[in-house]
Structure formats: structure tokens, C-alpha cells
Amino acid sequence: MTDAAAAPEPDGESRFRRFRNAEHLVARRRPLDALKELEPLLADEPDKPSVQLLAGRAYFHSAQLRRAESAFTRVLELDPTDHYARFVLGRTLQRLGRLAEALAQLRMASAMNPVPEYLEAISEVRARITLSDR
């Protein structure tokens, strides 16, 4: 007597569900819960850019900024053309007070994809640099 509902999920299906659940948790501002969901994925697939990017977002929203920086940097090592990873790395560096580095990342992100959010971030960092120079 076999029950399909009682059968364990295949590995791929389980990973997909964990990833989607973690995305949902980050969107609901529950980054620590998202990181718990991502733990097995980070262990099994440390070189998957989507997993690193989502982990970086969860780290960022839970103020684990050094871990966020590491995750976003890893994404860019794997895919240097990821403009969103550059943007969130820039925001992370901004929160760490490393404004010149933040500005460089934000400028690259904006050059790749000149959306208003990226341009506003550049203006904000420039203003902070100007204020700190006074």
C-alpha cells in the first residue's frame, strides 16, 4: 500500500519549495526565518547565484551586513553582469559607511541598467560624501 502524499519530495522539488518559501519570507520582512529555509541550499549549492542573492537580501534585512557583502560579492564573482547584485552590494557598503566603494558599485549598476532607483541611490551617496567632507 503506497500513498503518493506520504512519499518524500524529490530533492529538486524540495529545494525549489525552500527557495520559494525563503523568497516569500524575505518579502514579508522575516529574514531570519528565510535564512533558516536557505541553510540547506547554501550548504548544497553555495555557487548558485540565485541562492546567494536571496541569502544576501536576507542578511541585509537582518542587519548582518558583512555576510550580506560576502553573499553579494559571491554573486558578482559568479555573474559580473548582475546589476541588481551590484546595486544591493552598493547599498550594503553604504550602510557599512564605505561610501566611496558604495558609489563605485552603484555607478556600475546604473551604467548597466539606468533605473530611477539606482540613480537616486547614487545621488544619496554623493550627498553623504559631500556632507562628510565638510
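Phe-60, Leu-65 and Leu-76 supply 36% of what domain 1 buries against domain 2, more than any other three residues.

This is a predicted model, in which local features need pLDDT of at least 70 and side-chain atom pairs count only at pLDDT 80 or more, while totals for chains, interfaces and linings use all residues. Residues are numbered from 1 along each chain as its sequence is written, and side-chain values use heavy atoms, with hydrogens and water left out.

## The layout of the chain

The protein chain splits into domain 1 (11-80) and domain 2 (81-133), with bounds that come from an automatic or database domain assignment. Their C-alpha centres lie 21 Å apart. The contact (heavy atoms within 4.5 Å) draws 14 residues from domain 1 and 15 residues from domain 2.

One salt bridge is found across the interface of the two domains; the term means a side-chain nitrogen of Lys or Arg within 4 Å of a carboxyl oxygen of Asp or Glu. The side chains of Arg-98 and Glu-69 form a salt bridge at 2.8 Å, N to O.

On domain 1, the elements giving two or more residues to the side that touches domain 2 are α3 (49-61) and α4 (65-78). These helices are DSSP runs (H or I, at least four residues), numbered from the N terminus. The largest share, eight residues, comes from α4.

Look next at Ala-68, which lies in helix α4. Ala-68 is buried, with a relative accessible area of 0%; buried means under 20%, exposed over 50%, and partly exposed in between (1.4 Å probe, protein chains only). Leaving aside residues up to four places away in sequence, Ala-68 touches Gly-56, Tyr-59, Phe-60 and Thr-92.

## Two loop residues with positive phi

Most residues other than glycine have a negative phi. Arg-29 has a phi near 60°, a positive value, and sits in the loop between α1 (11-27) and α2 (31-44). Arg-29 is exposed, at 56% relative accessible area.

Ala-63 also has a positive phi, near 60°. Ala-63 is found in the loop between α3 and α4, and counts as exposed at 52% relative accessibility.

Terms used: Buried area = accessible area lost by both parts, 1.4 Å probe.
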